[in-house]
Amino acid sequence: MAAPTKDTEVGVPPAAAGRFAAFTRRMPSSTLGKHALTLLVAFVVVVLVLELTGPFRNSQFATMAYYGIAAAGLTVLTGVNGQISLGHGALMAVGAYTTGLMLAAEIPLLVTMLGAMAVTAAVGAVVGVAAARLHGPYLAGATLALAVGLPGLAIYFDHWLGGEQGMRIPSPQMPAWFSDAIYFLSATEASSAKYLAYIGWVTLLVVLFLLANLMAGRTGRVWRAVRDDEVAAELAGIPLGKVRVLAFVVSAACAGIAGAVLGIVVRLAAPSGFTIVLSLGLLTAVVVGGLGSLVGALLGSALLVFLPPFVTNVGTDIGLDNTQAAQLAPFVYGAVLVLVMLLAPSGAVGVLKKLLKKLWIGRSTRRTG
Amino acid sequence: MIRRTGPLVAVAAAAALLLSACGAGGRPSEGTGGGDAAASDVGITTTSVKIGGHFPLTGVAAPGYSEIPTGMKAYFDYVNAAGGVNGRKIEFIYKDDAYNPTQTSQVVNELVLQEQVFAIMGGLGTPTHSAVLDYLNAEGVPDLFVSSGSLLWDQPTKNPQTFGWQPDYEVEAKIIGQYVSKNFPNAKVGLFLQDDDLGRDAEKGARTFLDKQIVAAERYTPGNTDVAPQIAALQAAGADLVIGFNVPSYTALSQLVSLRLNYKPQWMYSNIGADPTLVGSLLARFSEGKVTDAGLLEGMISTRYLPTVDDPQNPWIQLFQKVWDASGADGELSNFRVYGMSEAYTFVSALQAAGPNPTRKGIVEAIQKTGKSWKGPWLAPFRYSADRHAGISGVGVTRITGGKTERLTPVFVTDNGTAPITESTEPPSVPPASGIPEVAPAG
């Protein structure tokens, strides 16, 4: 049976289509199926990577997981729906503090994470209602106020939320079945770093799976429509306000889950952990990775986690003292950001896409020629 | 149909292969992997001891505090140049956490898991170090001489690996309180407090002696830079002596506000908020150059528990000056570097006490056993024992006169709660000729 033409992507040269079709034919035909298969493969890769790396890398992956979750949520809001938020760090704080309070009350981890998500989504709904009326710099200003103001609540209600020195979060105990399963897989004892990395990455994959489906469906189309042309969207009968609030709620829910993972990984929620720097870091991760792309959000958060220690180590290797090496990290980070904006405004994913396209065209012309 | 099921079969086969390839399959019976002593020697080789710390090297808390690890490093280099401790050179790695607890947990993970340090040394800050307190204790990593005056570090049953170092805020406030009640018995005292553990511990200590004299206790929220309401309330309550338990930036802010309100009480600040050089530079910055330190800080009363750089005759300062010059690093010897060097001096003492073959368990026990008796630049002894992990036990009261630190009282020694305050009877210590402690193994 010949490959049905509707399966081949528009824009792929006909010579390559035969090759491409062979690949697509083996993929499940529904979007959900495709995403489920990707999820499965990604899970296997995650298990392999986490089993093959040491506890320190595991802990870095755990960190990357919570940045990744928050960045994925932000890229949906900013990249797909076109709303900017400088307040996602504060929303993560809501998630982390909720997690701390719920875990202290000995509520199971899964329920706690869902609770953190729900509470943050509720806060996101309130902010979203305000945000839906604002545009551009005004929206940036309003969410900036959130980032600056919200962590202050923890200091104001310090008897309840621990004040400046933060609220300690009891780290969840590793269940016996988990360490048995890890032992079964790799014959090593599971460290707590590994357990936290698994929690982080399983959560991250589930979030990415749900977001990918959301973006591929009607909701995603409507979000993009609102982003691209408000007037046209409204003429087409899309209620702008509702759609914007929904995007904000979904994005806030992700930030809440990210905050929950952050809480159990860091074991502390303190106002100094949720400064404007965190919100800006998330935004740069999304932009550097490629706005509107989940893979881009992942790449960006990897940069957030792995670049500073890498630069610091390079700094000490070339003979700088520890202080100078530490000061090098923000400098290189800034330089990378500027270079990406100048040379590849569509982010890492944009560059990758361009390279792939070139490769494809190069190959097909060689074969035909 | 066959084509459709193809991928499924492939995935299932791959999964089955993967599972069967996974090494263990099940646990062997008990007996392997038991806790032998070798595991407690992490970070120790025959020629080196690797330790690490977290400090704000960038960001808002960096001015001043970032100098502490440079002082520590200079002192360790000095000891290493003289052959190290029991033939082992001390390798000190310090990492930047930007005073952000999230980053603290990342860099401490890096130090413990990747660098495989023997101990964490001098980790700075209450919120930052809180983030790694449980982790270090769960992993059994010695968490020595935390650079913060919180009472959190003195919980040996809960946190057996963690030791405080500087005098806690309560002890310092008790001594300040007694000094005021004796020397200013008619003063109406106002308290200017940071609204967290710093202010709470200190208020408890101050009220031990001053409860009747205190006319107002005003609290500020860290991060909120407007302290005018608090200062105005102190002025309205008629306080003619104000004691501030706050961080350096709030010393500068409170001074600028009272200048504007024309409020001139006798000012006292706890040691943490009273470094004249740092406060002077903050004053200049906050007032955009209109105010320099000279006038405003004159007559301010504070405390000391270490020698200060404005006393070049002090033998410890002479030693540390020598150490700093030998390190060849940029910058001047500052009080923050003296602080770092004094902490480093304590660590070298602890390492000597741990004996020729230090273990993580051994060094903790050695500090508990002999830490109380170590001599060093600190003016009052440590309170270390099997059931106490509290640091320096007392302070002396000082005043800024003519830009210099003038001693008002001898050193007082006390403890938390209702412990009496006594005058320290020990003669001031002098450094050994080598400049390196000579502590006997505790074992």
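**Exercise 1.** Leaving aside neighbours within four places in sequence, find which residues I69(A) is in contact with.

*Solution.* Count two residues as in contact if their C-beta atoms, placed from the backbone, lie within 7 Å. Leaving aside neighbours within four places in sequence, I69(A) then has contacts with T203(A), L204(A), V207(A), C254(A), I257(A), A258(A) and V261(A).

The model is predicted: local features need pLDDT of at least 70, side-chain atom pairs count only at pLDDT 80 or more, and totals for chains, interfaces and linings use all residues. Residues are numbered from 1 along each chain as its sequence is written, and chains are lettered from A and ligands numbered from 1 in the order in which they are written.

**Exercise 2.** State how many residues each chain gives to the contact of chain A with chain B, and describe the side of chain A.

*Solution.* Chain A gives 37 residues and chain B gives 41. Helix 15 (322-343) of chain A gives the most to the side of chain A, with five residues. Helices are DSSP runs of H or I with at least four residues, numbered from the N terminus. By class, this side has 17 nonpolar, 14 polar and six charged residues. Ala, Val, Leu, Ile, Met, Phe, Trp, Tyr, Cys and Pro count as nonpolar, Asp, Glu, Lys and Arg as charged, and the others, Gly among them, as polar.

**Exercise 3.** Find which residues meet between helix 13 and helix 14 of chain B, and class them.

*Solution.* From helix 13 of chain B come A350(B), L351(B) and A353(B); from helix 14 of chain B come I363(B), A366(B), I367(B) and T370(B). By class, this contact has six nonpolar, one polar and no charged residues.

Methods: Helix = DSSP H or I, 4+ residues; strand = E, 2+ residues; numbered from the N terminus.
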